[in-house]
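This report describes how the parts of one protein chain are arranged. Keep the sequence and the 3D view at hand while reading.

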Amino acid sequence: MITQPYSLYVERTDAAKNMARYYAMSIEPSLFGDVCLFRKWGRIGFNGQMMVHHFAREEEAVELFLDLLRKKRRRGYRPRPPAAS
């Protein structure tokens, strides 16, 4: 059972380099009782790629989630700015 929700969506854009990327992660339970870390990434506006990691314990999934989050922050990924109203 997942003790708390883990979900992340960040973007990295640079108009000078024609770069518009996104990275999304979430930790969710599977139907078989294990814990899954879902990762999805690609160019903003496109489907991109997806990878699923299976873990026996939630702590292992959280450890990888936080490690990947640190790496993405170092590379310049940031939360999407709020839309102007």
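Helix α1 lies across β1, β2, β3, β4 and β5, and the helix runs at about 170 degrees to β2. The model is a predicted one.

The five strands form an open sheet, and their order is β4-β3-β2-β1-β5. The pairing in this sheet is antiparallel. The edge strands are β4 and β5, each of which pairs on one side only. Strands β3 and β4 run antiparallel and are joined by seven bridges. Arg39 stands opposite Met51, a residue of β4.

Which residues have the most contacts inside the largest nonpolar core? They are Tyr23, Met25, Ile27, Leu37 and Phe65, in a core of 15 residues. Two or more residues of this core come from each of β1, β2, β3 and α1. Helix α1 gives the most, with four residues. In soluble globular proteins, nonpolar side chains tend to be buried together.

Leu37 shows what such a position looks like in detail. Residues up to four places away in sequence aside, Leu37 touches Met25, Ser26, Ile27, Met51, Val52, His53, Phe55, Ala61, Leu64, Phe65 and Leu68.

Two further residues can be set side by side.

| Residue | Place | Relative accessible area |

The side chain of Glu11 makes a polar contact with the side chain of Tyr9, at 2.9 Å. Leaving out neighbours within four places in sequence, Glu11 is in contact with Arg21, Tyr22, Ile44, Gly76, Tyr77, Arg78 and Arg80.

What separates the C-alpha atoms of Pro81 and Gly48? The two residues are 33 residues apart along the chain, and the separation of their C-alpha atoms is 21 Å.

To trace the arrangement in the 3D view, begin with the sheet in the order β4-β3-β2-β1-β5 and then find α1 lying across its strands. Next, locate Leu37 and Phe65, which are among the residues with the most contacts inside the largest nonpolar core.

Note on methods:
Residues are numbered from 1 along each chain as its sequence is written. This is a predicted model: local features need pLDDT of at least 70, side-chain atom pairs count only at pLDDT 80 or more; totals for chains, interfaces and linings use all residues. Side-chain values use heavy atoms; hydrogens and water are left out. A polar contact is a pair of N or O atoms within 3.5 Å; within protein, one must be able to donate a hydrogen and the other to accept it, and residues adjacent in sequence count only if both atoms are side-chain atoms. Contact means heavy atoms within 4.5 Å. A nonpolar core is a set of buried Ala, Val, Leu, Ile, Met, Phe, Trp, Tyr and Cys residues joined through side-chain atoms within 4.5 Å. Buried means under 20% relative accessible area, exposed over 50%, partly exposed in between (1.4 Å probe, protein chains only). Two strands pair if DSSP finds at least two bridges between them. Axes are lines fitted to C-alpha atoms, for helices over the stretch in contact, and angles run from 0 to 180 degrees between N-to-C directions.
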